[in-house]
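The notes below follow the order in which I looked things up.

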Amino acid sequence: MNNDKGLSIAYWVVVVAMLAVGVIGMYWRITAGHTMANYGELIVWGLWVAMYIYFIGLSAGAFLFSSLVYVFGVERFRPIARLALFTALVSLLMALLNIWFDIGHMERFFEVYIRPNLFSMMAWMIWLYTGYLVLLLFALWFESRQDLVKWSQKPGLSGTISRWLALGSKETSSSSRQRDEKVVKVLGFIGIPLAILCLGGEGALFGVVSARPAGSSGLFPLLFLVSALVSGGGLLTAIYAFLAPNRGSEAHRKLVVDLGKLILGLTLLDILFTFAEYSIAMYGAIPSEVSPLLKTMTGPFWYVFWIGQVGLGMVIPVVLLAWKRTRQSAVWVGLAGASIVLAFVSVRLNIVIPPLSVPELQGLEQAVPSVRMSMTYVPSLMEWFLSIGIVGLGMALFALGYN
């Protein structure tokens, strides 16, 4: 118990520090606008876009795991079902915050609702995210409704918050629980294509940018779907392995091991897709497609690909999840999941940055004497601080809502 208390204190110390860093970043962003960001006229997307697609992948992947229980009735994974819904919601909020800070006039985000461009891929994506957010809120509320009613009887702040969240509901009968489960199942059926459309929309957004052939591929929507399942599953596995109330029990170990088997299969599928993406482009030898890949693998940030994407995201998880001595351990399987979660920051950076760092016209960066005309990008302190703060906010929300 004392050990758990010490870990809890350490967790909140880290979270508070991250939130403090985020406040500094937000102050810089509000007062200085985009002038303190290191993206510019040529590399127009940076860390925040990469983190946005990273968290969208985590969210959709976690939600699709919840559908195994709510839609397909795989009761084996029932202990992680609500966790998956809550993780999906928190991850989505973190994604939307990252992309909100990236837009030029943050206060005008509502324009996409009142004056939309019906032919804009981004507009369609925002509508999809809005529908997905509403669905997650309803699904999580119906899944947690009876617990909220019970918790509303507690004294103090937790009871008051639970009463607010229960929205006046007081019924806790078995028949009402069955009705709630039917609603969650219907929402799950609706949510599966919605989550897939969110991921496909991301891939399509990159795929339709014909001026950037490295991303202009019909394979991209499928890559986003598979990678979301891998990263979202890895996150759920890590969380359940290290934070589940019943950790240390045989039931806990068996479920983590089963999750590990599923993640291993998905990771191998992701490796196959990644190999297909790179090998086909390299074999075709079209310069506009090969150059970004070579820059990813051999450029100044080669370690993001080889150490981050390949090492942490492929080699380490496959070894830990396939090796007989580690695949039966909840700790090692949880570490494999954590390794995947960390690795996918590299994966998303490699999708966003390298295709933009190859000039469309030779000498374009010398055409105008400006520091903003650069083909090299490293996130600024403001960009890092804001993203760290958003992660800290997500960790705080998760800790407050997870039980």
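I began with the secondary structure of this predicted model. I counted 13 helices and zero strands in the chain. Reading along the sequence, I noted the pattern α-α-α-α-α-α-α-α-α-α-α-α-α.

I then looked up the overall dimensions. The radius of gyration is 22 Å, close to the 22 Å that the globule rule gives for 403 residues, so I recorded the chain as being as compact as a globular protein of that length. Along its principal axes, I noted that the C-alpha trace spans about 70 × 50 × 45 Å.

Next I checked burial and contact range. Of the 403 residues, 47% count as buried. Taking contacts between residues at least 6 apart in sequence, I found that 78% join residues at least 24 apart.

Helix α3 covers residues 81-102 and helix α5 covers residues 121-151. I noted that they pack at an angle of about 135 degrees, with their axes 10 Å apart.

Which residues make the contact? On α3, I listed R82, L85, F86, A88, L89, L92, L93 and L96. On α5, I listed Y129, Y132, L133, L136, L137, A139, L140, E143, S144, D147 and W151.

Methods. Residues numbered from 1 in each chain as written. Predicted model: local features only at pLDDT ≥ 70, side-chain atom pairs only at ≥ 80, totals over all residues. Heavy atoms only, no water. Axes fitted to C-alpha atoms, helices over the stretch in contact; angles between N-to-C directions. Helix = DSSP H or I, 4+ residues; strand = E, 2+ residues; numbered from the N terminus. Contact = heavy atoms within 4.5 Å. Rg over C-alpha atoms; globule rule 2.2 N^0.38 Å. Buried < 20%, exposed > 50% of the residue type's maximum accessible area, 1.4 Å probe, protein only.
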